Amino acid sequence: MKKSGAKGWLYLLPAIVLLGLFMVYPLIDVFVYSAEEGYNFVTQTAKGIGLYNYSYVLRDPYFLQAVKNTFIIVIITVPLSTGFALLIALALNSITKLKELFQTVYFLPYVTNTLAVGLVFMILFRRTAYTDGMINLLIQLFGGQGVDFIDGPYWAKMFVMCFYTIWVVLPFKVLILTSALASVNQDYYNAARIDGTSKGRIFRRITLPMISPMLFYLIITGFIGAFKAYSDEVALFGTNLNEAGMNTIVGYVYDMLYGSAGGYPSYASAAAVILFAIVLTITCVNLMVSRKTVHY
Amino acid sequence: MKVVLKNLTKRFPNRNKKIGGEVIAVDNFDFEIPDGKLIGLLGPSGCGKSTALNLISGLLEPTEGQIFFGEDEVTKLPPENRGVGLVFQNYALYPHMTVLQNIMFPLQNLKGDKKLPKEEIVRRAKEAAHLVQIDQLLERKPAEMSGGQQQRVAIARALVKMPKVLLLDEPLSNLDARLRLQTREEIRRIQKETGITTIFVTHDQEEAMSISDLIVVMKDGAVHQIAPPQEVYDDPVDLFVAKFLGTPAINVFRGEAKGGRLLLAGEAVLDIPGVKDGPLAVGIRPEGFKPDPQGPLAVSLRNVEVMGRDTSVVFDHPAAESENPRAIVASDERPAGHEKTIRFRLDPKKVHLFDPETEKRIRPEG
């Protein structure tokens, strides 16, 4: 047994070395950076160890704005996108005609480039010197007051941001939920029909528990993905997110490292560690809730 | 509650669009299932048994014909208003609910003035669980139980709302041989205790024979014979029924009627008064061969299989259509095994004659 144990480790060695080198070491390094005060990028020396980086980041208004933006995006887009995806998947599952056509239509955004889609959204929503943009024209057509969604008030920008995020993450969720619904054995529904179960009750007591593992997977990955949002913001509002007031935590990390005000790996690391702590907490809460509600 | 089927027909469009047309799954069912009996719908795979059951349950709508429960027509009623309990082949127990929750589920669906208080639901669920003897398992999840236990839960769930008719779709096919024997007696017991008219579907003739009050033998969507088990075995209406029932299977020979006598390979073996001269398909049950040194039927012995209580004699005969013609004889009459030919006398009650074209039964006089 001892010999085969050594053999086992030998087989694992390549993976361990690679993972250790490119994942574990950088991870540890992030923690180290975040604790080194006054780190100099050029000389690679620090003045001391402490929590100053954290207190700086937590007092930085740009960071606080980024945290606020990130939380708003997470809280709005994760439930809404999952809910919409479930509704669309249920609808797709209940039609027979043109089902494949609609499945393709709903999946198309997934294979489209984020930046290209962002550009289209920008054109739809932006107000320029020459035109108010299609969405504003539509709003005005119905007697509403137009607003510049890209360079206008905060809520308008946030609306476009959430709309866009939901639209981008929807196709994958629809795909997963459609297949989850299709894999529920028809006999359960037949049994429920024989017993005179109402549609609402079938959905609550049978469909939802049956697809709960998939739903849970989508919620967890949705939370994590939304907390790590960055590229979608860039696609809509350009790289200077702080000025637009639409920065996210990951965007803040990037700015601290490479942005025009960059060159502060310690602040970036501290922000990254804070993001890690937030995501970890949320995921743990998710897992605890799921234990009672998810049926494998 | 008796169940009456009138000209019940179900046609499906053919899946294979190139061939087109329709598949007749249930062809003009027209019979009555008496109240409080256990009925076996028996037939080979794909003969429309489950379709027939689904028509009675209401999961499928018939193309033509009517269904009555007692005096009331239920043809157009949705399944929930028919008062049927259905046990699925794979049980279809909700995997995320405990046994008790599964059994309570149909009662919790009741609405309006039929709505029951919580305690009553629990009491009735426990009563149903007691009937199928799973009182100890109420808190288990379906995945934590054996197939036989799951089967019982499924039956309890179907019984708990006191259905007028209980339907079982291949209830024993997922169980191992031993459990199958036990469970089929269990089904019989539960049916007797509750007195609910029960219809079950099976392709296993032994299963159907052992517990049914009446057997409905079907093939390709059509009913061939409806009779008590012994009668279906002793007095089959056609060659299909004769071949389908009985283990070992009936032996089929090419025969000929000539002057009121049955000829097998030219030799007269039995008197069959009143049968017109001409070719015949002859079915002889394995127990219809009686060893007799003076018997008219001579066969060449191939093999003797000892089975304890009796002995199985496999033989060759020029007129045999069955691949392994077989006689079952009492152990004390068995041939030693080294004879080249042995002779049998035939028991006329075990010899059935059929028209070789239509496969319909031909009965000698007297």
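**Chain B, first pass**

I started with burial: 42% of the 366 residues in chain B come out as buried. I'm working from a predicted model here, so every value below is computed from it.

For secondary structure, I noted eight helices and 21 strands in chain B.

I also checked how far apart in sequence the contacting residues sit. Among chain B contacts with a separation of 6 or more, 66% link residues 24 or more positions apart.

**Strand E14**

Is strand E14 of chain B mostly covered or mostly open? I found it mostly covered, since five of the seven residues in 278-284 are buried.

Then I looked up its partners. Strand E11(B), residues 251-258, runs antiparallel to E14(B), and seven bridges join the two. In that pairing I jotted down Ala257(B), which stands opposite Gly278(B). Strand E20(B), residues 351-354, is also antiparallel to E14(B), joined by four bridges. There I noted Ala281(B) opposite Phe354(B).

**Where chain B touches chain A**

How many residues does each chain bring to the contact? I get 15 from chain B and 14 from chain A. On the chain B side, strand E6 (84-87) and helix H2 (99-108) each supply at least two residues. By class, I logged that side of chain B as ten nonpolar, four polar and one charged.

Conventions:
Residues are numbered from 1 along each chain as its sequence is written. Chains are lettered from A and ligands numbered from 1 in the order in which they are written. This is a predicted model: local features need pLDDT of at least 70, side-chain atom pairs count only at pLDDT 80 or more; totals for chains, interfaces and linings use all residues. Two residues are in contact if their C-beta atoms, placed from the backbone, lie within 7 Å. Ala, Val, Leu, Ile, Met, Phe, Trp, Tyr, Cys and Pro count as nonpolar, Asp, Glu, Lys and Arg as charged, and the others, Gly among them, as polar. A residue is buried if 20 or more other C-beta atoms lie within 10 Å of its own, exposed if 12 or fewer, and partly exposed in between; C-beta atoms are placed from the backbone. Two strands pair if DSSP finds at least two bridges between them.
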